[in-house]
Amino acid sequence: MTEAQDSGRKLTGWHVLAIFGGAFGVIIAVNIALAYNAIATFPGLEVPNSYVASQTFDVRRAEQEALRWTAHAEPREGAVVLRFTDPEGLPVKPAELSARLGRSTHVKDDHTPEFFWDGRQFVAADDLAPGHWNVWVKARAEDGTLFEQRLEFFIRG
């Protein structure tokens with residue numbers, strides 16, 4: 001091939017270095033952006049000190065299992081329903097209840113709605129957006145036993 005027929009530029013070592021450097025620069029920039037967003041939106045903590053929590057875990061679990069309660073949470077039109085039942089399926093009303101709603105992936109939607117007992121279950125007015133939701137429940141039985149559970153549900157959009 002003659003020089004007149006070869007109108008393209010030659011690929012030099014500097015061009016290859018620039019291509020590789022640019023590609024790796026994009027990969028590194030995307031990884032940094034993803035890592036930053038993962039850390040900024042999710043604290044990753046369930047308990048402040050897992051070692052301290054583990055010291056009493058077996059005792060607390062045995063006490064909770066002795067209650068033989070089943071907890072269930074579900075969305076309704078403009079509300080969230082939280083239900084506790086005994087082994088026979090009858091409603092149970094804990095002496096105390098606190099529940100926090102939120103997402104698994106970030107804390108910006110976490111909130112604590114006010115639940116009211118309607119005679120069979122607890123109901124809180126709440127318009128939740130579509131997606132996966134968690135309910136972190138803490139209930140106390142009449143005898144003082146603490147019942148803790150994370151319940152999940154999904155709202156179709």
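In this predicted model, four strands form an open sheet in the order 1-2-5-4, and their pairing is antiparallel. Strand 1 (70–76) and strand 4 (116–117) each have a single partner strand because they stand at the edges, so one side of each is left without a neighbour in the sheet. In general, the strands of a sheet are paired by backbone hydrogen bonds, and the pairing may be either parallel or antiparallel. Within this sheet, strand 2 (residues 79–85) runs antiparallel to strand 5 (residues 122–125), and the two are joined by four bridges. For V81, the bridge partner in strand 5 is V123.

The next topic is the largest pocket, which holds about 920 Å³ of space. Which residues of its lining lie nearest its centre? They are E46, V47, W136, K138 and E148, and they belong to a lining of 33 residues. This lining divides into eleven nonpolar, eleven polar and eleven charged residues. The elements in the table each supply at least two residues of the lining of the largest pocket.

| Element | Residues |
|---|---|
| Helix 2 | 50–55 |
| Helix 3 | 57–67 |
| Strand 3 | 96–102 |
| Strand 6 | 131–140 |
| Strand 7 | 146–155 |

Finally, an unreviewed UniProt entry places the feature "transmembrane region" at residues 12–36. In the model, the chain over residues 12–36 is 96% helix and 0% strand, and the C-alpha atoms at the ends of this stretch are 36 Å apart.

Methods: Residues numbered from 1 in each chain as written. Predicted model: local features only at pLDDT ≥ 70, side-chain atom pairs only at ≥ 80, totals over all residues. Heavy atoms only, no water. UniProt positions renumbered as here; feature names shortened; annotations may be inferred. 1 Å grid on protein atoms, 1.4 Å probe; cavity = no way out; pocket = protein on both sides within 12 Å on 5 of 7 lines; lining within 4 Å. Points joined across faces, edges and corners; volume = space filled by probe spheres on them. Nonpolar A, V, L, I, M, F, W, Y, C, P; charged D, E, K, R; others polar. Pairing = 2+ DSSP bridges.
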